[in-house]
Amino acid sequence: MTTLTPQKPAIPQPGGDVTPAPEPRPAPEQRPARDPAWRELVDAVREAGQYPTWSEAESVTRVVLSALGGHVVGDERVDLARALPEEAARVVASQIPATRSLTAAEFVDSVAARIEGATPATARWDVSSVLSVLPPLVGDELVTRILNQLPPGYALLFGRAELTPAA
């Protein structure tokens with residue numbers, strides 16, 4: 001019995017020479033899954049949010065981190081990007097800083113607008129599923145600095161009690 005082995009397509013060259021086609025490169029969306037730290041982050045989000053698939057957890061992670069990236073600025077943004085896995089850092093750092101701060105409810109609504117079929121309630125779940133896994137990853141001190149930069153109401157999204165000083 002004869003087995004056929006597929007051949008790489010040939011690329012004609014000037015002068016009639018033929019060279020084999022280069023190996024295909026993985027699509028950009030395939031590369032982050034190979035990063036163990038990114039996989040761990042998405043796995044933590046998947047567990048926290050009880051998402052049925054890794055792909056859904058990854059999509060939610062990207063949306064929430066991109067929204068957050070527009071609202072964290074200055075040293076906190078730089079330190080957050082440094083503390084996150086490389087792919088997550090790119091998502092955060094690639095965002096243009098927002099021109100105005102959003103309340104926590106407006107932030108959740110902005111995430112809902114980015115996720116097909118999301119409601120404010122499901123978006124709040126998504127936001128909390130992502131942000132609540134950040135403190136063990138980036139450190140409580142950095143999360144405190146980020147919360148100090150954001151309007152009141154975000155602490156609950158990070159899984160913290162919202163403490164207000166006595167009047």
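Which residues does Thr61 touch, not counting residues up to four places away in sequence? Let me start there. Thr61 touches Trp38, Leu41, Val42, Val45 and Val130. By contact I mean heavy atoms within 4.5 Å. Thr61 lies in helix α2. Its relative accessibility is 0%, so Thr61 counts as buried. The cut-offs are these: buried is under 20% relative accessible area, exposed is over 50%, and partly exposed is in between, with a 1.4 Å probe and protein chains only.

Some ground rules. This is a predicted model, where local features need pLDDT of at least 70 and side-chain atom pairs count only at pLDDT 80 or more, while totals for chains, interfaces and linings use all residues. Residues are numbered from 1 along each chain as its sequence is written, and side-chain values use heavy atoms, with hydrogens and water left out.

Now the overall layout. The protein has 8 helices and 2 strands. Helices (H or I, at least four residues) and strands (E, at least two) are DSSP runs, numbered from the N terminus. The order from the N terminus is β-β-α-α-α-α-α-α-α-α. Of the 167 residues in the protein, 37% are buried. Take the contacts between residues at least 6 apart in sequence: 58% of them join residues at least 24 apart. The accessible surface is about 10200 Å², and 57% of that belongs to carbon and sulfur atoms. Those areas come from the Shrake-Rupley method with a 1.4 Å probe; for residues, only the protein chains shown count as cover.

On to the core. In soluble globular proteins, nonpolar side chains tend to be buried together. Here, the largest nonpolar core has 42 residues. Such a core is a set of buried Ala, Val, Leu, Ile, Met, Phe, Trp, Tyr and Cys residues joined through side-chain atoms within 4.5 Å. The residues with the most contacts inside this core are Leu65, Phe107, Val111, Leu131, Leu134 and Phe158. Which elements give two or more residues to it? They are α1 (36-49), α2 (54-69), α4 (86-93), α5 (104-114), α6 (120-131), α7 (134-138) and α8. Helix α2 gives the most, with 8 residues.

Look at Phe158. Beyond four places in sequence, Phe158 touches Leu68, Leu131, Ser132, Leu134, Pro135, Val143, Ile146, Leu147 and Leu150.

Then α4. Its buried residues are Glu87, Ala88, Ala89, Val91 and Val92. What covers them includes α1, α2 and α3.

Next, a helix pair. Helix α3 (residues 74-83) and helix α8 (residues 140-149) have axes that come within 10 Å and cross at roughly 145°. Axes are lines fitted to C-alpha atoms, for helices over the stretch in contact, and angles run from 0 to 180 degrees between N-to-C directions. The crossing of α3 past α8 is left-handed. That term applies if the near helix is turned anticlockwise from the far one by less than a right angle; clockwise would be right-handed. On the α3 side, the contact is made by Asp75, Glu76, Asp79, Leu80 and Ala83. On the α8 side, the residues are Leu142, Arg145, Ile146 and Gln149. The residues of this contact divide into 4 nonpolar, 1 polar and 4 charged.

Leaving aside neighbours within four places in sequence, Glu76 is in contact with Leu142, Arg145, Ile146 and Gln149.

Gln50 is in the loop between α1 and α2. Most residues other than glycine have a negative phi. Phi of Gln50 is near 55°, a positive value. With 61% relative accessibility, Gln50 counts as exposed.

Ile115 is in the loop between α5 and α6. At 19% relative accessibility, Ile115 counts as buried. Beyond four places in sequence, Ile115 touches Val63 and Asp126. Its C-alpha atom is 7.6 Å from that of Val63, 52 residues apart along the chain.

Last, Gly153, in the segment after α8. Gly153 is partly exposed, at 26% relative accessible area. Its contacts beyond four places in sequence are Ala104 and Glu162.

Notes. Nonpolar A, V, L, I, M, F, W, Y, C, P; charged D, E, K, R; others polar.
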